[in-house]
Amino acid sequence: MLCHTSQEQSQQSDTVQDEALLRYYAAEWDRYTTGANYINRSFTYLNHHWVKWERVEGRKGVYPVYTLALIQWKSNFFLHIQSKNGKLASAILRLIEHQWNGESIDQGLVKKVVDSFVSLGLDESDINKASLDVYKKHLATPFLEATEKYYQQESEAFLAESSVSDYLKKAEERLREEEGHVDRYLSTETRKQLVSKCEHGPYSTTLGANIPEGLELSRKKFEEHVKKAGLTAVSKLVGEASEGADGLDPKAYVDALLEVHCKNSETVTQSFRGEAGFVASLDKACRESVNRNAATRPSTTKSPELLAKHADMLLRKNNKMVEEEDLEGALNRVMILFKYVEDKDVFQTFYTTKLSK
């Protein structure tokens with residue numbers, strides 16, 4: 001039985017690749033471990049008495065029959081396959097990559113082969129204690145490296161072509177998928193490291209919080225997104241106004257810019273957890289869209305002018321735009337945009353003129 005992993009099997013494993021190799025390996029593993037279990041039960045007395053006593057006496061090279069069978073499998077067959085540039089682990093990783101790319105794979109097959117990696121671990125100090133040394137060395141480490149590399153490439157490509165909101169949705173979707181992979185066919189010991197790779201890598205809900213390059217790229221992309229949204233909103237209003245920038249309705253102008261700010265401020269709070277760099281990106285983008293947009297091209301004083309007119313209308317006694325209890329909230333929203341106005345003296349001049357009337 002212990003010689004079952006023959007030269008013929010090793011030669012056969014050399015002729016197959018990828019999924020075919022996994023199927024061959026899994027079938028041989030099932031047959032081998034089934035036989036080893038039968039033999040192990042036949043030597044129950046030997047295992048419980050002689051083997052136990054020999055190990056107590058310090059003879060560490062003596063093992064229960066089933067453990068010895070696994071050692072033989074590892075030495076004669078598993079390591080032979082793995083010596084070919086990690087051929088068995090590579091076959092698993094390629095199948096998992098197919099799943100990353102949206103293809104269906106035989107997850108049961110992957111789990112069976114992965115479980116063999118776990119079973120082959122051996123703690124010499126306590127042979128009854130589970131050991132993940134084989135799993136970690138031959139599969140977990142290359143899997144985590146492959147995961148990080150794959151998502152690094154995918155995230156950069158996706159970020160370059162997609163909006164920030166779509167990017168966040170994709171990141172959260174990928175994180176859920178990877179947690180599912182752990183549940184379906186990986187050792188639970190991998191979960192913490194895998195989630196860390198996803199959360200701290202460039203493809204994450206924190207968008208690369210622990211990678212300076214990924215973080216800076218994400219901040220820049222977010223800033224461009226907010227700026228574009230603000231400029232587009234104003235351009236649309238100018239295009240719809242009969243007299244262009246001169247015919248802009250102050251309330252519509254303020255509401256359009258506030259909508260962009262509020263939406264993206266919520267993104268900073270919920271998706272970026274209020275990270276200072278993203279707060280700064282939001283402020284910079286809003287400052288640009290408030291002071292340099294389609295309405296301000298003819299006159300750089302247009303933003304503070306429209307803001308002053310809107311504030312004046314809110315405070316007029318005959319104002320019916322808002323209920324009295326909503327007035328404070330409306331004025332607070334005006335102050336959000338006022339913070340971004342670069343020439344506050346112009347706002348004061350326009351507002352003072354309106355007030356004197």
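**Exercise 1. Classify Asp30, then find its salt-bridge partner.**

Asp30 has a relative accessible area of 30%, so Asp30 is partly exposed (buried is under 20%, exposed over 50%, partly exposed in between, with a 1.4 Å probe and protein chains only). Next, the partner. The side chain of Asp30 meets that of Lys112 in a salt bridge, 2.7 Å from N to O (a side-chain nitrogen of Lys or Arg within 4 Å of a carboxyl oxygen of Asp or Glu). Last, the positions. Asp30 sits in helix H2 (residues 18–42) and Lys112 in helix H6 (residues 107–119), 82 residues apart (helices are DSSP runs of H or I, at least four residues, numbered from the N terminus).

A note on the model: it is predicted, local features need pLDDT of at least 70, side-chain atom pairs need 80 or more, and totals for chains, interfaces and linings use all residues. Residues are numbered from 1 along each chain as its sequence is written, and side-chain values use heavy atoms, without hydrogens or water.

**Exercise 2. Compare the two ends of the Lys284 to Glu223 salt bridge: buried or partly exposed?**

Start with the contact. The closest N and O atoms of Lys284 and Glu223 are 3.9 Å apart. The pair joins helix H12 to helix H10, 61 residues apart. Now the surface. Lys284 is partly exposed at 44%. Glu223 is buried at 13%.

**Exercise 3. Which residue in the loop between H11 and H12 pairs with Arg219?**

Glu275 lies in that loop, and Arg219 lies in helix H10 (residues 212–240). Their closest N and O atoms are 2.7 Å apart. Glu275 is partly exposed, at 24% relative accessibility.

Methods:
Helix = DSSP H or I, 4+ residues; strand = E, 2+ residues; numbered from the N terminus.
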